[in-house]
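Subject: Structure for you to look at

Hello,

Here is the structure that you will be working with. Please keep it open while you read the notes below.

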Amino acid sequence: MAKLIAPSILSADFANLENEVKAIAAAGADWVHVDVMDGHFVPNLTIGIPVVAALKKVSTLPLDVHLMIEKPERYIEQFIKAGSDYLTIHVESSNDPAACLYEIKKWGAKAGITLRPKTPLSEIESLLKICDLVLVMTVEPGFGGQAFMKDQVDKIDKLVELRKLQSHKFLIEVDGGVSDQTVSFLGNADVLVAGNYIFRNNYKTAIQNLKK
């Protein structure tokens, strides 16, 4: 399967989001990655439900929404009604992540799970059967522009093994420091999220470099 590319709008021009979303679509992007941070679960504060709804009105691409927020169960319905096609939660952010994943599916979106780099993969293994997407963070969540953590590649490879062994169907997504310099480590990933690398270069060239 060809890699799917999901440019992260955290690195886009927020004063020009409609044009940015249309530009990455024209350049060959597959999804739009939207980082939602609450200033509590992670130290940064970004966007919320109204911006997701606005993006949905102008995007021809699926919205891949990553919730870096405490108690995501409070907002699942609203984020999906706003237009999230994929909705990913952190295993560390809820007392009942399985219930969150089932809730996401109930409202008609694809359910994703993710974990901080220091969290072992064993923390999400029991959830894999529920997931449509597993996001491997190759930086600490919270800020763009961080250096790629090569030691997290082992999680990707292990997820490939588990998927095959247990006949799961989830996609493996990677976010953090993804660029033409790190993509060679990510051959087993299905979806690549990239922010700075795409938005600070020629969009089409950057996307093609990641798809190769």
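Ser 167 is exposed (over 50% relative accessible area, with a 1.4 Å probe and protein chains only; under 20% is buried, and partly exposed lies in between), because its relative accessible area is 57%. Ser 167 sits in the loop between α5 (153-166) and β7 (171-175). Its phi is positive, about 55°, although Ser 167 is not a glycine. Lys 71 is another residue that is not a glycine and has a positive phi, here about 50°. Lys 71 belongs to the loop between β3 (63-68) and α3 (76-82). The helices (H or I, at least four residues) and strands (E, at least two) named here are DSSP runs, numbered from the N terminus.

This is a predicted model, in which local features need pLDDT of at least 70 and side-chain atom pairs count only at pLDDT 80 or more, while totals for chains, interfaces and linings use all residues. Residues are numbered from 1 along each chain as its sequence is written, and side-chain values use heavy atoms, with hydrogens and water left out.

The sheet

What is the order of the 8 strands in the open sheet? The order is β1-β8-β7-β6-β5-β4-β3-β2, and the pairing is parallel. Two strands count as paired if DSSP finds at least two bridges between them. β1 (4-7) and β2 (32-37) stand at the edges with a single partner strand each, so one side of each has no neighbour in the sheet. On average, neighbouring strands of this sheet are turned by 25° against each other, direction ignored.

Some of the pairs can be followed in detail. β2 and β3 run parallel and are joined by 6 bridges; Val 32 has Leu 63 in β3 as its bridge partner. β3 and β4 also run parallel, with 4 bridges between them, and Leu 67 has Ile 89 in β4 as its bridge partner. Further along, β7 pairs with β8 (residues 191-194) in the parallel sense over 3 bridges. There, Val 174 has Leu 192 in β8 as its bridge partner.

Two covered strands

In a regular strand the side chains alternate between the two faces of the sheet. In β3, 6 of the 6 residues are buried, and the strand is mostly covered. Leu 63, Val 65 and Leu 67 are on one side of β3, Asp 64, His 66 and Met 68 are on the other, and all are buried. Strand β4 (residues 86-90) is largely enclosed by the rest of the structure, because 5 of its 5 residues are buried. On one side of β4 are Tyr 86, Thr 88 and His 90, on the other Leu 87 and Ile 89, and all are buried.

The helices

Helix α2 (residues 49-58) lies across β2 and β3 and runs at about 170° to β3. α5 lies across β5 (110-115), β6 (133-137) and β7, and runs at about 170° to β7. Axes are lines fitted to C-alpha atoms, for helices over the stretch in contact, and angles run from 0 to 180 degrees between N-to-C directions. Contact means heavy atoms within 4.5 Å.

How do helix α1 (residues 17-26) and α2 cross? Their axes come within 10 Å and cross at roughly 50°. That makes α1 oblique to α2; angles under 35 degrees count as roughly parallel, over 145 as roughly antiparallel, 65 to 115 as roughly perpendicular and the rest as oblique. On the α1 side of the contact are Leu 17, Glu 18, Val 21 and Lys 22, and they meet Val 51, Leu 55 and Val 58 in α2.

Two residues in one loop

Gly 144 lies in the loop between β6 and α5 and is partly exposed, at 47% relative accessibility. Leaving aside neighbours within four places in sequence, Gly 144 is in contact with Leu 10 and Asn 196. Gly 144 and Asp 35 are 109 residues apart in sequence, and their C-alpha atoms are 9.8 Å apart.

Met 149 is also in the loop between β6 and α5, and is partly exposed, with a relative accessible area of 25%. With neighbours within four places in sequence left aside, Met 149 is in contact with Pro 117, Thr 138, Val 139 and Glu 140. The C-alpha atoms of Met 149 and Tyr 203 are separated by 24 Å, and the two residues are 54 residues apart along the chain.

Regards
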